[in-house]
Amino acid sequence: MERMPLKLSPAPKDYLWGGNRLKEEYGKKFEVEPLAETWECSTHPDGPSVIVGGAYDGRTLAHFLKEHPEALGARSLELTGGKAELPILVKLIDAAKDLSVQVHPDDDYALKYENSLGKTEMWYVLQATPDAKLVHGFRRDVTEEEVRAAAEDGSIEELLNYVPIRPGDLFYIASGTVHAIGAGALVAEVQESSNITYRLYDYNRVGADGKKRPLHVEQALRVMNRSAAKQVGAEDGSMERVVRRQEGCESELLKSCRYFTVERCKVWRETHLTKIDDSFRVLLFIDGSGQLDAGGESLPVCKGDTVFLPAGGPDAVISGETEYLDIRV
């Protein structure tokens with residue numbers, strides 16, 4: 001039983017820049033308004049996922065993994081230093097408005113000053129309005145003094161590297177990269193399990209309390225990469241993406257790094273998932289519907305669902321017409 005697939009319910013987040021597409025198009029039935037993010041697979045205390053159905057119904061995934069750390073696999077335990085918790089966090093993000101310009105520290109800095117993992121992340125664009133864009137680093141090399149002054153007087157947008165986006169685009173955001181998701185984007189995010197964000201600029205917006213949201217300019221300056229951004233795709237391998245087709249399905253490796261590996265899989269008949277002994281898997285369904293069969297049990301799945309497959313579990317078959325991200329470490 002401990003090795004069987006677990007369907008998850010996410011933790012909702014109502015950040016001020018969010019929209020309604022996760023409710024309207026991805027079946028997220030939460031009362032929060034707006035619904036900016038759903039933390040689809042998480043053991044982070046700021047937003048743990050909850051198991052839906054089966055023997056562990058209503059328990060958090062964090063609780064399950066503390067009882068059954070073997071479900072993480074050796075690779076995961078290596079990344080967390082033996083802690084029975086997920087080393088990654090999987091989200092859906094709906095940006096109705098621009099997110100703040102921000103940066104995340106690397107592991108060494110975060111562990112020393114925040115008692116946390118750092119945050120390297122990956123974005124896969126699911127939807128984008130025609131004018132949607134994101135920030136990926138600086139347009140040119142900049143000095144610490146330039147960035148500090150521009151953050152204070154509001155001219156920092158002149159220094160940023162803006163990239164237009166469209167559905168299917170992939171962006172790898174290494175820790176230290178100044179970045180922001182722009183209005184009109186809906187993305188799936190895979191990241192290290194961290195909630196450490198240093199906000200550099202926030203368009204002078206105010207929160208629900210009527211006060212401007214705090215900035216963290218000095219912390220951001222200590223951890224950011226101030227070199228000009230490289231061409232998107234050149235450093236992250238996204239220009240070399242190869243689609244592999246088999247009878248009934250296709251797959252595409254989006255990104256593999258020390259923190260996670262992510263594949264996009266599209267099924268129009270069925271596909272077989274061979275068990276992995278040294279890592280769990282997270283399946284984030286981004287389109288269509290189908291069925292997951294494993295160990296004699298069947299689980300219906302559809303767009304917006306997330307399933308956790310424990311390490312060493314039974315082989316699985318996914319059938320129907322569906323598309324999902326296959327995430328592991």
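## Strand E3 and its partners

Lysine 13 has glutamate 37 of strand E3 as its bridge partner. That contact belongs to a predicted model. Strand E2 covers residues 11-13, and E2 and E3 pair in the antiparallel sense over three bridges.

E3 has another partner. Strand E5 spans residues 88-95, and it pairs with E3 over four bridges, again in the antiparallel sense. Glutamate 37 takes part here too, standing opposite isoleucine 93 in E5. How many of the five residues of E3 are buried? Five of the five are, and the strand, residues 37-41, is mostly covered.

Side chains of opposite charge can pair when their charged atoms come close. Glutamate 37 forms a salt bridge with lysine 91, and the closest N and O atoms are 3.5 Å apart. The pair links distant parts of the chain, with lysine 91 in strand E5 and glutamate 37 in strand E3, 54 residues apart. Are these two residues buried or exposed? Both lysine 91 and glutamate 37 are buried.

A search of the whole structure finds 25 salt bridges. Two further examples follow, each in its own section.

## The loop between E13 and H6

Aspartate 202 forms a salt bridge with arginine 213, and their closest N and O atoms are 2.9 Å apart. Both residues lie in the loop between strand E13 (198-201) and helix H6 (217-223), so the pair ties together parts that are 11 residues apart in sequence. Aspartate 202 is buried, and arginine 213 is buried as well.

Now look at the backbone. Most residues other than glycine have a negative phi, and most peptide bonds are trans. Tyrosine 203 is not a glycine, yet its phi is positive, about 60°. Asparagine 204 also has a positive phi, near 60°. Tyrosine 203 lies in the loop between E13 and H6, and asparagine 204 lies in the loop between E13 and H6 too. What about their exposure? Tyrosine 203 counts as partly exposed because its relative accessibility is 22%, a value between the cut-offs of 20% and 50%. Asparagine 204 counts as exposed, at 55%.

## A network of salt bridges

Arginine 245 forms a salt bridge with glutamate 250. The closest N and O atoms of arginine 245 and glutamate 250 are 3.1 Å apart. Which of the two is exposed, and which is buried? Arginine 245 is exposed, with a relative accessible area of 62%. Glutamate 250 counts as buried, at 10% relative accessibility.

Arginine 245 and glutamate 250 belong to a network of salt bridges. Its members are Arg241, Arg245, Glu250, Glu252, Arg264 and Glu323.

## A cis peptide bond

Which residues does a cis peptide bond join? Glutamate 33 and proline 34 are joined in this way, with omega about -5°. Proline 34 sits in the loop between helix H1 (21-24) and E3.

Strand E18 covers residues 281-294, and strand E19 covers residues 297-302. The two run antiparallel and are joined by six bridges. Alanine 294 has glutamate 297 in E19 as its bridge partner.

E18 and E19 form a hairpin, with two residues between them. Glycine 295 is in the turn, and its phi is positive, about 60°.

## On the surface

A patch of negative charge lies on the surface. Asp98, Glu152, Asp153, Glu157 and Glu158 gather there. Where is glutamate 158? Glutamate 158 lies in the loop between helix H5 (144-153) and strand E9 (160-164). Glutamate 158 counts as exposed because its relative accessibility is 59%, and exposed means over 50%.

Alanine 55 is exposed too, with a relative accessible area of 55%. Alanine 55 lies in the loop between strand E4 (50-52) and helix H2 (61-67). How far apart are alanine 55 and leucine 6? They are 49 residues apart in sequence and 9.8 Å apart in space, C-alpha to C-alpha.

Conventions
Residues numbered from 1 in each chain as written. Predicted model: local features only at pLDDT ≥ 70, side-chain atom pairs only at ≥ 80, totals over all residues. Heavy atoms only, no water. Patch = residues over 30% accessible without salt bridge, like charges linked within 9 Å, V, L, I, M, F, W, Y side chains within 5 Å. Areas by Shrake-Rupley, 256 points an atom, 1.4 Å probe, with all protein chains shown as cover. Salt bridge = Lys/Arg side-chain N within 4 Å of Asp/Glu carboxyl O. Lys, Arg positive; Asp, Glu negative; His and termini not counted. Charge placed at Lys NZ, Arg CZ, Asp CG, Glu CD. Buried < 20%, exposed > 50% of the residue type's maximum accessible area, 1.4 Å probe, protein only. Pairing = 2+ DSSP bridges.
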